[in-house]
Amino acid sequence: MKQFLTIACICLCCSIKVLAQGSNSKFNLNLDAIWSGYFDEQKKQVHMLHLTNRFAFMEARPEQNLQMILGLDMESGKVVDTIFTNQIKSGSDSIPITFTYFDDYEFSPDDGKILIKTQTEPLFRTSTKEFCYVWDIAKRTLKVISGDGKQNYAGFSPDSKQLAFVREGNLYVRNLETDALQTITFDGAPGQNLYGMADALYENNFGMMKGYQWSPDGKYLAFLRFNENTVKTYPIGYYDRVYPETARQRYPKAGEMVPEVQVFLYDLANKILTPVDVGLNPNQYITGFKWSPDGKSLYVQRLNRPQTNLDVLRADVKTGNTTLILNEKKTDYIKVQPDNIVFVASRNSFLWMSEEGGYNHIYEVPMAGGAKKAITQGAWEDFDIKAVDETAGEIFFTGNESGPKEKHLYKVRFDGSRRTRLTENGGYHNTLLTANNRFFLDEYSAANTPTAYQVYSGDGRKLYGKLIENKELKTRLDAYKISNQRFFNFTYNYKTEIRGWLIEPYEGINKRLPVLVYVYGGQGRQEVLDQWGDKFSLTMRAIANEGYLVVCIDPRGTPGRGEAYRKSTFKKPGDTEMEDIIALKNYLKNNYTIDTSNMAIMGWSYGGYLASLAATKYAGLFKASIAIAPVTNWRLYENVFAERLLQTPGENAEGYNNSAPVNFVNSYKKGLLLVHGTADDNVHFQNSMELSKALVRVRKQFDQQFYPDYLHNISDNTGTSNNARIHLFTKVSDFLKEQLNATPKAQGKPAATGN
């Protein structure tokens with residue numbers, strides 16, 4: 001339950017200038033404006049303080065070479081303190097020293113120190129490594145954590161006197177009072193042994209990153225050891241040098257060996273290392289661990305390789321011996337939630353989220369063992385537990401009871417009564433609570449409304465006006481031709497409800513429109529959310545303005561709608577989603593003024609897989625397909641995800657064969673654009689190469705666009721113009737114009753109003 005948010009307000013300075021215009025005219029929305037930062041929200045990293053009703057945020061004033069961390073009192077809504085500034089003046093200094101710009105920060109448990117993170121760079125898909133410093137607020141001193149290389153996952157001890165961190169696969173502890181450095185592990189190395197951190201496989205598929213935890217009294221560290229030496233490597237070439245180089249990435253593909261993961265307990269004072277008994281099977285996963293409130297036990301989640309059996313083990317801190325506390329079984333697969341366990345000391349229990357009733361809900365489990373008891377239930381999903389107020393007997397959590405496209409903050413009593421929604425309106429709400437649960441900060445946005453920030457009391461009362469409304473951003477958006485995104489839903493076969501959004505051209509409809517269907521479709525993400533979509537959503541609006549109806553759905557297989565909906569694709573991915581996409585095509589034909597002979601499908605990653613399947617196995621359904629970074633054969637993808645969908649290749653060879661676009665190239669007709677970054681370390685470039693080779697072998701013509709040395713997201717990841725994204729979506733726009741005949745036909749019935 002990490003207390004962190006990103007606050008956004010529109011940047012006042014921008015390289016793109018808006019010229020004066022008449023009140024009745026608007027500018028054309030274009031890719032340069034979108035991807036060069038003109039509509040960006042300036043990011044301000046927000047963290048809650050631990051001991052007061054305050055939150056902190058970053059403020060930058062580039063013209064003064066100044067960067068600050070400011071504190072805001074939530075009760076008054078006023079900035080009350082400058083907690084840190086990069087213009088450091090300490091001791092007898094008469095002139096401040098300008099410290100480097102920093103990217104993020106974190107408060108110690110006593111709020112007396114700040115961990116400052118600088119020169120951040122990606123580690124795996126989400127995780128980062130950076131140089132870390134600790135600022136002592138009272139002493140006004142700044143200390144470097146390690147000068148021997150960037151660190152990962154730096155974290156304070158509970159008494160704020162020590163800091164643990166990972167560097168190059170080894171785990172260390174720095175004493176912040178004496179500066180003494182304690183080396184916990186010695187044989188760590190990237191791609192070999194990793195201590196105190198998860199590898200890319202776990203990060204991508206289980207959401208695990210940091211692999212260590214302090215005990216509540218700070219005397220022990222529990223940590224994971226990943227042995228990656230048995231995992232085969234995949235070569236990734238880099239072409240930005242005279243002689244291209246190759247990096248070797250540990251990447252267990254479907255059916256291949258996985259890393260062996262062990263759990264250890266380390267007594268810092270006595271330097272005693274105790275292994276936790278998680279069994280001798282190397283062919284399993286450790287998907288989470290938590291200390292008990294008294295620090296005498298460690299609770300460990302153990303998942304079998306087929307992902308059908310999840311155990312919660314309680315390990316004794318002295319011996320490492322384990323006892324089975326909880327077990328869940330499924331015939332298909334179990335939804336893994338690494339931060340699942342939330343202890344309630346006063347009730348000698350812990351809260352546990354489970355899909356046992358068909359939807360993800362909160363249960364209470366006795367710490368001594370025994371049956372779990374449902375606290376929330378119904379045909380909707382809980383997302384995460386934000387806080388527990390043991391005195392009031394209340395649980396704060398987020399969920400989508402108001403509808404699959406929304407997210408709200410709720411509270412409920414332990415007996416399941418008095419469930420109350422605390423956030424207002426519809427849309428999407430990300431929230432932070434103070435440590436005493438008296439206040440929360442609500443980051444709210446909707447599909448057509450940029451982010452605004454409001455402070456509420458713990459019972460849901462609005463305290464004062466919005467802190468940030470993004471008025472400047474709204475003014476800029478209002479000067480451009482930007483259509484609203486509208487939601488719709490339909491039911492087919494009398495049982496399957498499909499939800500989606502659509503965008504029409506700003507100038508309105510006076511002809512039958514060609515259609516672009518955008519889809520993701522994987523089990524890890526929803527696209528149909530009532531949430532501000534920033535650059536990508538604006539890009540879809542820009543494409544719509546070129547004369548298309550742009551449509552998106554969340555087909556079966558996506559989350560947010562319960563276990564059965566998400567697992568509809570089990571053992572047969574592709575066919576189920578395409579059935580829903582065919583139903584969408586029929587729905588659009590019957591309800592909107594469209595040109596059914598000119599339809600295209602586009603997707604990225606899992607959506608790229610569906611787009612490539614539409615071009616091959618389902619050839620003829622669309623006139624054009626744009627497959628970006630697609631999986632084209634699940635045998636080539638990471639084992640956790642692929643086996644969750646299809647089991648192992650040995651168990652379900654037919655499923656792998658029937659779901660692979662590379663096996664259906666004979667059916668392909670025309671109109672495919674294949675796009676991939678050559679350094680993609682998630683969906684390897686090999687996927688596109690295999691499909692390309694198969695199409696060439698049967699003499700089928702298609703287009704391909706490759707981005708040398710770009711990763712899965714095909715992005716420059718800079719604060720200035722994102723040339724890669726501008727190039728990519730220009731290519732998409734040009735391809736659509738080339739493939740789809742946009743010549744107006746006789747006007748049909750008016751477009752229907754979406755639901």
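Good morning. I begin with the surface of this predicted model, where Glu-546, Asp-703, Asp-734 and Glu-738 gather in a patch of negative charge. One of these four residues, Asp-703, sits in strand E45, which covers residues 703–707. Asp-703 counts as partly exposed because its relative accessibility is 30%.

I turn now to the salt bridges. The count for the model comes to 34. Among them is a pair formed by the side chains of Asp-478 and Lys-26, with an N to O distance of 3.5 Å. Asp-478 belongs to helix H3 (residues 471–478), and Lys-26 to the loop between strand E1 (4–10) and helix H1 (31–35), so this contact ties together parts that are 452 residues apart in sequence.

Is Asp-311 buried or exposed? Asp-311 is buried, because its relative accessible area is 9%, and the cut-off for buried is under 20%.

Next, Glu-401 and Arg-419 form a salt bridge in which the closest N and O atoms are 2.9 Å apart. Glu-401 lies in the loop between strand E32 (394–399) and strand E33 (408–413), and Arg-419 in the loop between E33 and strand E34 (420–421); the pair therefore links parts 18 residues apart in sequence. Glu-401 is partly exposed, with a relative accessible area of 32%, and Arg-419 also counts as partly exposed, at 33%.

Conventions: Residues numbered from 1 in each chain as written. Predicted model: local features only at pLDDT ≥ 70, side-chain atom pairs only at ≥ 80, totals over all residues. Heavy atoms only, no water. Patch = residues over 30% accessible without salt bridge, like charges linked within 9 Å, V, L, I, M, F, W, Y side chains within 5 Å. Areas by Shrake-Rupley, 256 points an atom, 1.4 Å probe, with all protein chains shown as cover. Lys, Arg positive; Asp, Glu negative; His and termini not counted. Charge placed at Lys NZ, Arg CZ, Asp CG, Glu CD. Helix = DSSP H or I, 4+ residues; strand = E, 2+ residues; numbered from the N terminus. Buried < 20%, exposed > 50% of the residue type's maximum accessible area, 1.4 Å probe, protein only.
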